[in-house]
Amino acid sequence: MRFKIKILLTVFSLIVCQLQLFAQTPNYTGTWVLNLEKSKLEDKSDGLTGSIFIIKQNGDKFRLKRYHIYGDKKKKIGFKMVADGRIRRVKILFKGKLEWEGNNLKAKIYRNGFSNVVTYKFGDNQNEFIADEVFIGRPKDYHNHWVFDKQN
């Protein structure tokens, strides 16, 4: 009888370990290049010819750099966030939080009269990255569906 209990406990432990491996969060680290053909942008800046999104992820810590490209000019924005759901200051003027929602990552940045919520996830595979953005504020509200391809 004791032998059967030991075997059951061993099997149970192996199953729990396997579930923990499958429950790991995705790693979005990489350089992602905008695919304008797959993207659906309600609000696209005049002259936007491309975008590059560089993500460095270490566990729940993220360093994000985004370059919007206008011909031969680039506009850069960068910031750090931690995916723990805590509200923090972002770029001095804003408050924001980053949190996991299942395998998706949701970023919320806001202040009075302004809200930008972006859900990040992989697309058809891990070489396609989607940023589903809902912006509320001036000059107008919009919903953009950005699709990026991983650069090798």
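Before starting, I wrote down the cut-offs I would need: a residue is buried under 20% relative accessible area, exposed over 50%, and partly exposed in between.

**Entry 1: overview.** I am working from a predicted model. Of the 152 residues in the protein, 34% are buried.

**Entry 2: salt bridges.** How many salt bridges does a search of the whole structure find? I got five. As a reminder to myself, side chains of opposite charge can pair when their charged atoms come close.

**Entry 3: glutamate 128 and lysine 38.** These two side chains meet in a salt bridge, at 2.8 Å from N to O. Glutamate 128 is in strand E10 (residues 128–136), while lysine 38 sits in the loop between strand E1 (30–34) and strand E2 (40–41), so this pair ties together parts 90 residues apart in sequence. Buried or partly exposed? I checked both partners: glutamate 128 is buried, because its relative accessible area is 8%, whereas lysine 38 is partly exposed at 42%.

**Entry 4: aspartate 43 and lysine 140.** Here the salt bridge is 3.8 Å from N to O. I placed aspartate 43 in the loop between E2 and strand E3 (50–58) and lysine 140 in the loop between E10 and E11; the pair links distant parts of the chain, 97 residues apart. Aspartate 43 has 26% relative accessibility and counts as partly exposed, and lysine 140, at 40%, is partly exposed too.

**Entry 5: lysine 106 and glutamate 101.** The closest N and O atoms of this salt bridge are 3.6 Å apart. Lysine 106 has a relative accessible area of 18%, so I put it down as buried. Glutamate 101 comes out at 39% and therefore counts as partly exposed.

**Entry 6: a positive patch.** Which residues form the positive surface patch? I listed Lys56, Arg63, Lys65, Lys76, Lys80 and Lys91. Strand E4 (61–70) and strand E5 (73–82) are the elements that give two or more residues to it. I looked up arginine 63 on its own: it belongs to strand E4 and is partly exposed, with a relative accessible area of 48%.

**Entry 7: asparagine 144.** My last stop was strand E11 (residues 142–150), where asparagine 144 is found. Asparagine 144 is buried, with a relative accessible area of 1%. Its side chain reaches the backbone nitrogen of glutamate 42 at 2.6 Å.

Technical notes. Residues numbered from 1 in each chain as written. Predicted model: local features only at pLDDT ≥ 70, side-chain atom pairs only at ≥ 80, totals over all residues. Heavy atoms only, no water. Patch = residues over 30% accessible without salt bridge, like charges linked within 9 Å, V, L, I, M, F, W, Y side chains within 5 Å. Areas by Shrake-Rupley, 256 points an atom, 1.4 Å probe, with all protein chains shown as cover. Salt bridge = Lys/Arg side-chain N within 4 Å of Asp/Glu carboxyl O. Lys, Arg positive; Asp, Glu negative; His and termini not counted. Charge placed at Lys NZ, Arg CZ, Asp CG, Glu CD. Helix = DSSP H or I, 4+ residues; strand = E, 2+ residues; numbered from the N terminus. Buried < 20%, exposed > 50% of the residue type's maximum accessible area, 1.4 Å probe, protein only. Polar contact = N/O pair within 3.5 Å; in protein donor to acceptor, adjacent residues only side chain to side chain.
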